[in-house]
Amino acid sequence: MTSPGHVLIVGASAAGLSTAEALRRLGHEGRLTLVDAEPHLPYDRPPLSKQILAGAWEPARAQLRTAAQLDALAAEFIRGEPAVALDAAERAVTTTSGRVLRADAVVVATGLTPYRLPGQDGLAGVHVLRGLDDALTLRARLTAGTRLVVVGEGVLGAELSATTRAMGLEVTLVGMGQTLLREQLGDMVGGLLARTHTERGVRLRLGVAVSELTGTHDQPDVAVDELTGKLGVAVDEPTGAGGRVTGVRLATGELLPADAVVVAIGSRPSTGWLTGSGLTLGDGVECDARCRAAEGVYAVGDVASFEHAGLGRRLRLENRTNATEQAQVVAANLLGADRPYTPIPYFWTDQYDIKIQAHGLPSPAAEVTIAEGDPEQHRFAAVYREGGQITGVLGWNMPKQARLLRQQLLGTWQATPPLTPA
């Protein structure tokens, strides 16, 4: 194909920005436009549930690039203006202001939208954590109360619980799963993690659903301007028209009192704006093995569902590493390459003094064996097998050993080699 003159990237977080940078690195000299719903300079998301929430980092430290580095891209950034429609055949994107942007190629990098519980909107003190403003608002709220309920036993819920418990809050974690991170890492690792949280003082209520959020109208909510003053940042909370949250009622009838609630029950690909675009939408934007969704239209990052040629199945990966690795392949293919994207999936999580790295596709159905170390000593590497096949490796405070196992045991997955400039 002919290299496109104008590339329009919708979404300027890690995936979108990495695509733009890779295009320039690979020699693209044409016009480059990034449209983003965020008003901020591009920032990293993993620190939001840890360093930013804890107050260890100022927001600027999470920025992916400085203003000078972004200027060096010679790209046009349109910030704080979400895309609302795409005409894939015309490669035309419409934004909330009504402007229509046309390009030779479009890259969809709009990420995820958090799920919410029924009744949480408009109830002050109930939060999700997806963006920088979410983290700052939640941090401000936590300075005004001591009792936090986290709903969701996955990665984000566990990280939030670890961070806020270290901040001195009374933390209760609620989830429908039988243990922490079961769907990602299985019962053995999840059980160890649950035990660690319990030992650190987190109260676990697992295997039970939330029936409702309770609130009150007769107690005034902490004023938004008071919260703003505590951190010196703008705080954007619901107005509290539905009241202020006072607790979480479980399906068992138990009521968990709360000054704040964080809902971390997962996210869905941000594809609502693509309805009627001509793209195939399922669990994300459906792409081929080259991350191509239609002629001249690609998807990258959390929103992209792609065919993994090495595994013979469709994947959608929600992690920081995938965002940057996939961007390299999308950029190369935009410029005329014909490269399948065949990564070895990888994600990590930091909780307390625990660093977990998972490579491949570990699952609760897999048999787990310890390859090195000892779980009781809080340092080990494990191997996951299903049907006699090795499907994943994991390191618990053993990153080097996990990488070596990945190289030895998962190399046949045909990981995409690094790109070099053309």
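Guide: A nonpolar core is a set of buried Ala, Val, Leu, Ile, Met, Phe, Trp, Tyr and Cys residues joined through side-chain atoms within 4.5 Å. Buried means under 20% relative accessible area, exposed means over 50%, and partly exposed is in between, with a 1.4 Å probe and protein chains only. This is a predicted model, where local features need pLDDT of at least 70 and side-chain atom pairs count only at pLDDT 80 or more, while totals for chains, interfaces and linings use all residues. Residues are numbered from 1 along each chain as its sequence is written, and side-chain values use heavy atoms, with hydrogens and water left out.

Visitor: Which residues touch the most other members of the largest nonpolar core?
Guide: Those are Ile9, Leu86 and Val285, in a core of 55 residues. Helix 8 (residues 320-334) gives the most to this core, seven residues. Helices (H or I, at least four residues) and strands (E, at least two) are DSSP runs, numbered from the N terminus. There's also a second, separate core of 40 residues, with Leu132, Leu138, Ala264 and Ala358 in it.

Visitor: What is Val285 in contact with, leaving aside its neighbours within four places in sequence?
Guide: Contact means heavy atoms within 4.5 Å. On that basis Val285 is in contact with, among them, Val108, Leu274, Ala293, Val303 and Ser305.

Visitor: Why is Gln357 called buried?
Guide: Its relative accessibility is 10%, so Gln357 falls under the cut-off and counts as buried. Gln357 sits in strand 25 (residues 354-360). Beyond its sequence neighbours within four places, Gln357 is in contact with residues including Tyr346, Trp348, Val393 and Met398.

Visitor: And why does Lys50 count as buried?
Guide: Lys50 has a relative accessible area of 12%, which is under the cut-off, so the label is buried. Lys50 lies in the loop between strand 2 (31-35) and helix 2 (51-54). Leaving aside neighbours within four places, Lys50 is in contact with Glu159, Thr163 and Asp350.

Visitor: How do you know that strand 4 and strand 5 pair?
Guide: Two strands pair if DSSP finds at least two bridges between them. Strand 4 (residues 83-87) and strand 5 (residues 92-95) are joined by four bridges, so they pass, and they run antiparallel.

Visitor: What makes strand 18 and strand 23 edges of their sheet?
Guide: The sheet is open, with four strands in the order 18-19-22-23 and mixed pairing. Strand 18 (281-282) and strand 23 (313-315) each have a single partner strand, so one side of each is left without a neighbour in the sheet. Further in, strand 19 (residues 284-286) and strand 22 (residues 304-308) pair in the parallel sense over two bridges, and Glu286 has Ser305 in strand 22 as bridge partner.
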